[in-house]
Amino acid sequence: MQKRRIELQKVVDAMSLVNATPEVDLTDRYITVPELNRPALQLTGYYEHFEKERIQVIGYVEYTYLESMGEEKKYQAYEELMSRGIPCVIFTTEVLPSEEYLNLAKKYNVPTFTTKRSTSSFSAELMRWLGVQLAPTISVHGVLVDVMGEGILIMGESGIGKSEAALELVKRGHRLVSDDVVEISRVSEVTLVGTAPDMTRHFIELRGIGIIDVKTLFGIQSVENTKSIDLVIQLEDWDKDKEYDRMGLEEQYIEFLGNKVVTHTLPVRPGRNLAIIVETAAINHRQKKMGYNAAKELYRRVQENLAKKRL
């Protein structure tokens, strides 16, 4: 699992922040945690359990509290905060830092920014954005496609037909996200998002033909940059001695980064149209999420029929 970080300058650009301390160099400054901190307690002098790695957000409430202090106490409160090695400070709600604050920011080399947005909406958007950018990430061997709005991760041994199935799905109007290597990020306790490495984005490798550019061949509508992973399809060679699930009453799961995803194992042999099977699996999975399970419905009918015969 990769430990992620993001350049502070990218945060500034993404959130359209105004730099109040252009003298402070932003080179080699990184954000490593997605959480923010509104230093209300810290401005009163309480620094137990203070997370100095977090971006510090000063809104209207914190600002007016500081302004109610005497000049000396306000100066001390600011200095105590900025001497802790924090990554940056953002003033929201059109609040502007004072000249005394800016002098301290330069002294302690703390980048400071402003935004006109309200504290609540700005904090929510920034935390959401950082959550995606800094999400724990792993790379897996597989193909990720968007089928009927469902993110389908196709896995299996090399050469088993993952890329060919993805190409057929693209021809049927679905979208390719990544071929060969899929980067999976855990953006929440229930959501995994997959994407392609920059180097291989929109390319598919077909044995015997080589590399093809899906975006160029089939158009912009045939590709997608990111997609949540809703279902995993495991391809394996057909084993006549193995019992495969024929009903689907109980879901099987695979785990990535602590999140579980429903998985189906599909045996592969000549004559099976993998693209149609994957497409059907995607529609069936979406149907289950909407509350209808065909296997359970069939089981219910069988049980009702048996009950009638007993009578």
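What follows is a short chat about a helix contact and a sheet in this predicted model.

Me: Helices to start with. How do the axes of H1 and H6 cross?
Reply: The axes of H1 (residues 8-15) and H6 (residues 119-133) come within 11 Å, crossing at roughly 130 degrees. That angle is why H1 counts as oblique to H6.

Me: And is the crossing of H1 and H6 left-handed or right-handed?
Reply: Right-handed.

Me: Which residues make that contact?
Reply: H1 puts in Lys-10, Val-11, Ala-14 and Met-15, and H6 answers with Phe-122, Glu-125, Leu-126, Trp-129 and Leu-130.

Me: OK, switching to strands. What order do they take in the open sheet?
Reply: There are four, running E8-E12-E13-E16, with antiparallel pairing.

Me: Which ones are the edge strands?
Reply: E8 (137-141) and E16 (226-228), each of which pairs on one side only.

Me: How many degrees are neighbouring strands turned against each other?
Reply: On average 30 degrees, ignoring direction.

Me: Let's zoom in on E12 and E13. How many bridges do they pair over?
Reply: Four, in the antiparallel sense, between E12 (residues 181-186) and E13 (residues 192-195).

Me: And what's the bridge partner of Glu-183 in E13?
Reply: Thr-195 is the partner there.

Definitions and conventions. Residues are numbered from 1 along each chain as its sequence is written. This is a predicted model: local features need pLDDT of at least 70, side-chain atom pairs count only at pLDDT 80 or more; totals for chains, interfaces and linings use all residues. Side-chain values use heavy atoms; hydrogens and water are left out. Axes are lines fitted to C-alpha atoms, for helices over the stretch in contact, and angles run from 0 to 180 degrees between N-to-C directions. Helices (H or I, at least four residues) and strands (E, at least two) are DSSP runs, numbered from the N terminus. Angles under 35 degrees count as roughly parallel, over 145 as roughly antiparallel, 65 to 115 as roughly perpendicular and the rest as oblique. A crossing is left-handed if the near helix is turned anticlockwise from the far one by less than a right angle, and right-handed if clockwise. Contact means heavy atoms within 4.5 Å. Two strands pair if DSSP finds at least two bridges between them.
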